[in-house]
Structures are given as structure tokens and as C-alpha cells.
Amino acid sequence: MTSAVLFDVAGPRARRRQRIGTVLGGLIVLGLVGLALWRLGSNGQLAGERWAVLLDFNSGVPQALGNALVDTLQVAAVAMVAATLLGGILAAGRLSDHVWVRVPVTAVIEFFRAVPLLVLILFCLLYLPTIGVPITSFGALALGLTLYNMAVLAEIFRAGILSVDRGQREAAYAVGMRKTQVMVLILLPQAVRRMLPVLVAQLVVLLKDSSLGFIVGYLELLRTARGLVESFNLTFGNTYTFQLYVAAALIYIVVNLLLSWLARVLERRSRRDRRLAATEDVELPADVQMGGGGGPA
Amino acid sequence: MSIFSDNWDLLRDAFLTTLSLAVVSGLVALVIGTVLAGMRVSPIAPLRWLATFYVEVFRNTPLTVVFFFFAFGIVFIDLQFPSRYITAVAALGLYTAAFVCEALRSGINAVPPGQAEAARAIGLTFGQTLRTVVFPQAFRTVVPPLGNVWIALAKNTSIAAGFAVTELTAALQRLTNVESTRLLMVFLAIVVAYLVITLPSALVIRLIERRVAILR
């Protein structure tokens, strides 16, 4: 249902009311934004030289933030690749005909979806070294993200495989293919193409979750900004604090917005694709988008 | 199970903090999210834009960053939350509101258009259409997704540990120092504590879902 069904086309009086409401609401929003800017300005936070440090290569800030972005993307890339591969395997296991495969795999998926991601990462960071597995904060973060996301992706893949039209599978069996052939040649290619936008959307969630590195001491964007602030505070006091925090946050938001946009483009393209015609909307459920160990217990 | 009895006070307080964080910020998120969902389908374009802007920003910002800004950033516009607990509630509530809005909107989209058309046909205004026809049905179809958002929120409270709120994950970090010989038990205790919140929630959600389901 589009929102247009919810209300009639406005008549002249309703239009006037809406225009007044629009102007008033706009004024309130502008007022709030203006108030915030005014407070920032009167604290001297909008001064040009304070923001210039973000682009001043002599200060080392752009390099540090650039490196932090690369490090953040690195951990996200490692985790995403590993989670996709493991998630695919788990999804196949979950759909297996053998009970002794299906039940343990289901238990693994449910377990990793039920535990908060931060607890999972802390487990990798704090427990694994005590049983003789040396691990860096990068490793712990990547492993935690992998374990959680593989469980989420397994469920997404399973839904994707099940959503392929039944006739496809039946036709494949009818021409004499075996179980593995049906899965690899018929079901997976169609499911993957259909799941591509969701996969990119999940990458956004994963990238968001990589900011948990802030808490476990991995030098991602936020932790780097904090570090820069602390080292600058020794010489300049609080001069650049706000600017660095805003920069770190903005980088996260811009990268994620770009990825979200890519997901939408992919989705629109796959909808135009005739081979995928008549597929319903595929979208990540809201709780999965929340990250941090979303998904039902 | 001596890990429970040895650290009973810490664990109990941490558990109650986690639970109250989740409940209070859940209520905040429900109220703001419902208003946002109403705005997103409203006939007034700027309201739609505002709600869309809010949802897009929060959907693409890590929760850690939201926490970070509420803890360290807003002092620069001369704002300050009275306590760390309230900072955490604000961050969790405002962040989750965006996802409540998304869940509700998908529910609104699932109400058959005929319902809204009929409501309009008998002369209900936009507000009445939403209040008496669309929302009551939408809330029923979104019981499972809203419930899942609640469960995700309960797990997301763990991030407050990084911002000096003594909830379960902070208790975990403290216990790993004290009880370094029984680490596995410590982790198990904390995971069980989270499951005590999430598993019954999942059950209740399934019950409510069956109770209020509309047969179409």
C-alpha cells in the first residue's frame, strides 16, 4: 500500500493548512538547527582553522583517519568474506536431508544469533588467549564479526534458496540431476543473484558493527579519532576535539550511505532482470539492520 | 555454579541495569518510532522528508558512534545528560526508534489498500484513518518484527558497557579480571543472563502473535 491511499488529494483549504504547517514546522526545525549552530559558533567551534586541521597533511590527521578507514574496511572485508563462505556452508547444512547434519548446524546458527556480538568479540579477545590461541584485537574483532554474521547470512541464504520456485528443483530432478547438482547448478545461482542486494545491505550492518572495535581497543575510526584527540589535548587543549569526532562519524555515515545506495541500485537492477522476474521484495528485517547481535534469540 | 553465588550482587545489579536499560529505551523507541512511522506516510511532504532523513541517518550510523556523540559530543552545544544511564537510554532509544519506524512502515504497507480506501470513503480524516483503521491492523502484523527489534535492543544494551554503564557486559569485563581462572564459567553466566531476557521474550512474542493474528 502506498501512502497515497491513506489520504485524499488535498482541496484548497487543506492545501493552505498544509502550507502553513509546512512553514511552521520548517521554521521550528531551522530554529533548532540554528540554535545548535549558534551554540557551536559562540563556543568558537565553527572557526575555519579548527576544521582546517582535518585536511592539513602536516598535522598527520588526514593520514591517520585514512589509515583508520582502511583498517576499518579491512576488518569488515575479512569478516564479510569469511562470513559469506561459512554462511553458505551452514545454509546448505541447515537444508540437509540428514538429521545428524541439520540439528547441530541449526544449534550453531541459533547460538551465535542469540549471543550479543560484543560478548562474542570479548570472548574471542579474552578467553581464546587463555587456552593458548594468541589473538590480536584485529583477530578478535574479525572472528566475532564472522561468527555472528555467518549465522545471520546462513538464515538469509536459506530463505533465498527456499524462495526459488519449486518447479526449478522439480525440473532438475526430473532431468536426472543428483542432490548436489540441483543445489550447485540450479538453486544456488538463482538464490545468490536474488540475495545480492541483501548481501550488500548486510555489509552495511557489518561495517557498522566494526565500530565495536572502539570498545575492544582496535584502532578503527572512532578509536583513532579518540587517540588523536588525546594526543592533541596535550598541546592544544580541547581545540580540535569536536572536529575530529565529527570527522570520524561522518566518514562512517558517508561510507554506509554509499553502500546502502549500492544495495538499492543492485535491487532495482535485479528487479528489471527477467530471469528473476516475479520475485518479491528482498529486504533485511529491521532487527538485523540494527546490528550488534540483532536477530531473534 | 559458585560463580553466581560468589558474585551475586554484581551480577544481580548488572542484570537489573540491563533489563531496565532495555525496557526504558524500548518504550522511548516505541513512542518516537510510532510518531516517525506516522510522519513517513503523512500527506505533508516535509514531515515525510524529516522522518526519512532521521531513519536514513540512524540506519547508517553505528550505535557506538551514537553513544560516543551523546557521551562526548553534545557538550559542545552546551547540552549534557544528567547521568551515564540516561545517556545510554537516549542513545539506545533514539537509535532503535529508526528501526521501530521501519518495522511499522512495513506493517502499514502490509495492510490491504482497501482498508484505507474504505476508511476514506466513510469520511475519516488522515489522523482517524491511521488511528482507528490502519495502525490497529499494522501493529498486529508487526508483532514479530517489533518483537525481534526488542530482542535486538536487549542485546544492543551491551554497548553501554563501553560507556561506563555497569550492565551485564561491563560486569563481564570486571569479572574476567577477578575470576581469571574460571573465565569460561564467567562467559557462560553472562550469556545465560542475556538468554534469561531474550528467550522468554521470544516465547511471549510468539504467544501474542498467535493471539492477535488476523486471518486474511
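Visitor: What does the secondary structure of chain A come to?
Guide: In this predicted model, chain A has twelve helices and zero strands. Its pattern along the sequence is accordingly written α-α-α-α-α-α-α-α-α-α-α-α.

Visitor: Is chain A spread out or a compact globule, and why?
Guide: Chain A is more spread out than a compact globule, because its radius of gyration is 25 Å, well over the 19 Å that the globule rule gives for 297 residues.

Visitor: What does the C-alpha trace span along its principal axes?
Guide: For chain A, the span is about 75 × 70 × 35 Å.

Visitor: On to chain B. At what angle do helix 6 and helix 7 of chain B pack?
Guide: Helix 6 (residues 113–121) and helix 7 (residues 126–141) of chain B pack at about 165 degrees, and their axes are 10 Å apart.

Visitor: Are those two roughly parallel or roughly antiparallel, and why?
Guide: Angles over 145 degrees count as roughly antiparallel. Helix 6 and helix 7 of chain B are therefore roughly antiparallel to each other.

Visitor: Is their crossing left-handed or right-handed?
Guide: The crossing of helix 6 and helix 7 of chain B is right-handed.

Visitor: Which residues make the contact?
Guide: Helix 6 of chain B contributes B:Gln115, B:Ala116, B:Ala119 and B:Arg120, while helix 7 of chain B contributes B:Thr129, B:Val133, B:Val134 and B:Gln137. By class, the residues of this contact are four nonpolar, three polar and one charged.

Visitor: Where in chain B is confidence lowest, and where is it highest?
Guide: Confidence is lowest in helix 1 (residues 2–6) of chain B, with a mean of 75, and highest in helix 2 (residues 8–40) of chain B, at 91. Chain B has a mean pLDDT of 87, with 98% of its residues at 70 or more.

Visitor: What ipTM and pTM does the model score?
Guide: The scores are ipTM 0.85 and pTM 0.87.

Technical notes: Residues are numbered from 1 along each chain as its sequence is written. Chains are lettered from A and ligands numbered from 1 in the order in which they are written. This is a predicted model: local features need pLDDT of at least 70, side-chain atom pairs count only at pLDDT 80 or more; totals for chains, interfaces and linings use all residues. Axes are lines fitted to C-alpha atoms, for helices over the stretch in contact, and angles run from 0 to 180 degrees between N-to-C directions. Helices (H or I, at least four residues) and strands (E, at least two) are DSSP runs, numbered from the N terminus. Angles under 35 degrees count as roughly parallel, over 145 as roughly antiparallel, 65 to 115 as roughly perpendicular and the rest as oblique. A crossing is left-handed if the near helix is turned anticlockwise from the far one by less than a right angle, and right-handed if clockwise. Two residues are in contact if their C-beta atoms, placed from the backbone, lie within 7 Å. Ala, Val, Leu, Ile, Met, Phe, Trp, Tyr, Cys and Pro count as nonpolar, Asp, Glu, Lys and Arg as charged, and the others, Gly among them, as polar. pLDDT is the predictor's confidence in each residue, from 0 to 100. The radius of gyration is taken over C-alpha atoms; the globule rule is 2.2 Å times the number of residues to the power 0.38.
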